[in-house]
Structure formats: C-alpha cells, structure tokens
Amino acid sequence: LVGLLIVLLCGLIVHFSFSAIMDRAHSIASSSNKRWDNLTLTALEAPLHWLLWLLIVAFAAPTFFSTLRVEGLVLMVLDTGIVLLIAWFLYRLIAGIEHEYLSLVAETSSSTDAATVRAISKLARILLLTLSGLMILQSMGVSVSGLLAFGGIGGIAVGFAAKDMLANFLGGLSIYLDRPFTIGDWIRSPERDIEGTVEDIGWRITRIRTFDQRPLYVPNSVFGQISVENPSRMYNRRIYETVGLRYSDSMKLDSIIAEVKEMLLHHDEIDTTKTLMVNFVNFGPSSLDFFIYTFTKTTEWVKFHAIKQEIMFTILEIISKHDAEIAFPTQSLQIEHLQGPVD
C-alpha cells in the first residue's frame, strides 16, 4: 500500500509539473505570429497526460504483481495504449487543422473551398481509424496479414457488386477536390437536361434545385461523363443583339451606329475593357442590320436584364432622334406595262 501511494504521489508530481510546462509552452506559442504551433500543442496536451500515467502504470505493475505473469499483458496494454494515444493526437490535430482552415476561408474568402476541406479531413479520419484499428489488432496478436488477404478477396467481390456506388463515391470525391462547382452555384449541362442551383453535394448524389423549384437528384458519377457549365463564375454577361433599319434610312445608318457606340462607351454599367463592337453587318431581305456586342460589369441575372432593357430603349431613342425606324418584313411588287395591242 505504501508503494502504491508513493507511485501515485510521483505520478501526481509529474502530472502537475507537465501541466506547468504545457502552460508555459502555450504562452510562448500564443505570443508568436504563427497559429499552427498553438494548435499542435492543444492537440498534444491531453494524449501526453494520459501517456505519462500509462508509462507509470506499465512500469509499476510488474513490481507490485511480481507473483503473476503480467509482463505479456503489460506489454500488450502498453502497445495498445500508445497506438490509441497517437491516434487520438492525430485525430485532434486533424480536427484543429480543419477548424483553422475553415476559419481562414470565412475570413479571407480564399480559393480554398470549405467543402473540400471537410472532405479531405473526413478522408484523413477514415484512413487514421483504419490504420489504428489494424495496429491494435496486431498488438493483440491477431494476424493482420490473413485479415488483409481476406479483405482483399472480399473487396474484389464487393467492388463488383457495388461498382455504381463506388463510382458515385469517387465522383463525389472528384467534385470536392476539383471544385467545378460548390453549393449555391448555378450550373447547367449542354449535354443533359440539367440546370439549376446546387443545394447539396453528397457522397452519392448531388441535389440541384431547378428554376421551376423542383429538386433534381443527379448521381455523382454522371459529372465525370458530361461537361458542366458554371455561369455563377462568369466575370461578365454579354449583350449580343442585332437591329435592323429600313432601306430608306440607309443614309442615316452610319451616324446611328456611331452614336450607339458612343453611348455604350460612356455607359456606367458597360465594361469597356472587354470587346465592344457596333457594326453594320448584313443586307437583310427587308432591313439593313447592325449588331451590338458588349459586356456588362455585373453578372447578376436580374440586374443584367434591367441594364439590357435600358440600353435597348436608349437605342430606340437614338433611332427615333434621327427620324429613322426599325424595319419590319416587307415585299415590293414591280408591275411592268405590256407593249402592243391587247386582245
């Protein structure tokens, strides 16, 4: 009993001494500009406390239970405990890194996508738990090689039976890593009848809300076989319209084109750094056609149409100011007089 009390007292002294050392290390890490040292210390602190007690118990057990054969049991418990503590530290470290990156994404709006960070951390946890489980089984005397061989044969069978599920899983992983779109993006496929706003990206399916407010569930493997447009990531929206004037207004066409182009160059919502063209383009069947090709600064759908409407009304005013008119389909009938007597 006295020996156990001495061991417990020594353990408490080491525990509180280690706590003081960790507090000092935290204060030093907090004063630095780097955020990762404090994160690593936080993940390491609790597993190290338990590791100290594990070592104390492991070294003290053979002394107090010398009549029993506990050496093998102590070694097995020590190996298993060390594996669990290392796995616990890595798990806490992964969680801390995930939280840190997500806070950076929220603060700086960088290109690192929150869904990608969560997916990578989730995969890292799965891999960590799998490896830790295999190491614990190995320390407990279970033949891991036979288990892996059986798992390989079973994995082939499961792979054939669940190939569609695996394809969707890998498709979801590629979406998380490549980030062709994220939640909230408007996407469309020119090859499939897929268009709407992304609401959720799961490991098997992606849920899209179409513009008529219907939910559309698309297997993730489909996105590896089709091309996807992401209009949400446009820099500008394009105005491309053709206007036709009457042939009787041909002498006014040049001045109308020049004034329309001048109007676009001085419009506040037109991006003049992009291509801007207003040119006579075609002799139509009943009209002289010129086209407007320019880009707005906004990509917002509603605002874009308001700007386009304003520009089209202004073009009508310019045409009217020059006493010209928009052409509409017409036909001219030419009648020739016949020469000579008519019976």
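Phe-16 sits in helix α1, which spans residues 2-31. In this predicted model, Phe-16 is exposed, because its relative accessible area comes to 55% and the cut-off for that label is over 50%.

Zooming out, the protein chain comes to eight helices and seven strands. Of its 343 residues, 33% count as buried. The chain exposes about 22,500 Å², and 63% of that area is supplied by carbon and sulfur atoms. As for contacts with a separation of 6 or more, 64% of them are accounted for by residues 24 or more positions apart.

Three of the strands build an open sheet in the order β5-β7-β6, with antiparallel pairing. The edges go to β5 (237-245) and β6 (277-283); each has a single partner strand, so one side of each is left without a neighbour in the sheet. From one strand to the next, the twist averages 20 degrees.

The pairing of β5 with β7 (residues 288-296) runs over nine bridges, in the antiparallel sense. Within this part of the sheet, Tyr-240 is found opposite Tyr-293 of β7. Helix α8, covering residues 301-321, packs on the sheet and touches both β5 and β7. The direction of α8 makes about 25 degrees with that of β5.

Technical notes: Residues are numbered from 1 along each chain as its sequence is written. This is a predicted model: local features need pLDDT of at least 70, side-chain atom pairs count only at pLDDT 80 or more; totals for chains, interfaces and linings use all residues. Side-chain values use heavy atoms; hydrogens and water are left out. Two strands pair if DSSP finds at least two bridges between them. Helices (H or I, at least four residues) and strands (E, at least two) are DSSP runs, numbered from the N terminus. Axes are lines fitted to C-alpha atoms, for helices over the stretch in contact, and angles run from 0 to 180 degrees between N-to-C directions. Contact means heavy atoms within 4.5 Å. Buried means under 20% relative accessible area, exposed over 50%, partly exposed in between (1.4 Å probe, protein chains only). Accessible areas come from the Shrake-Rupley method with a 1.4 Å probe; for residues, only the protein chains shown count as cover.
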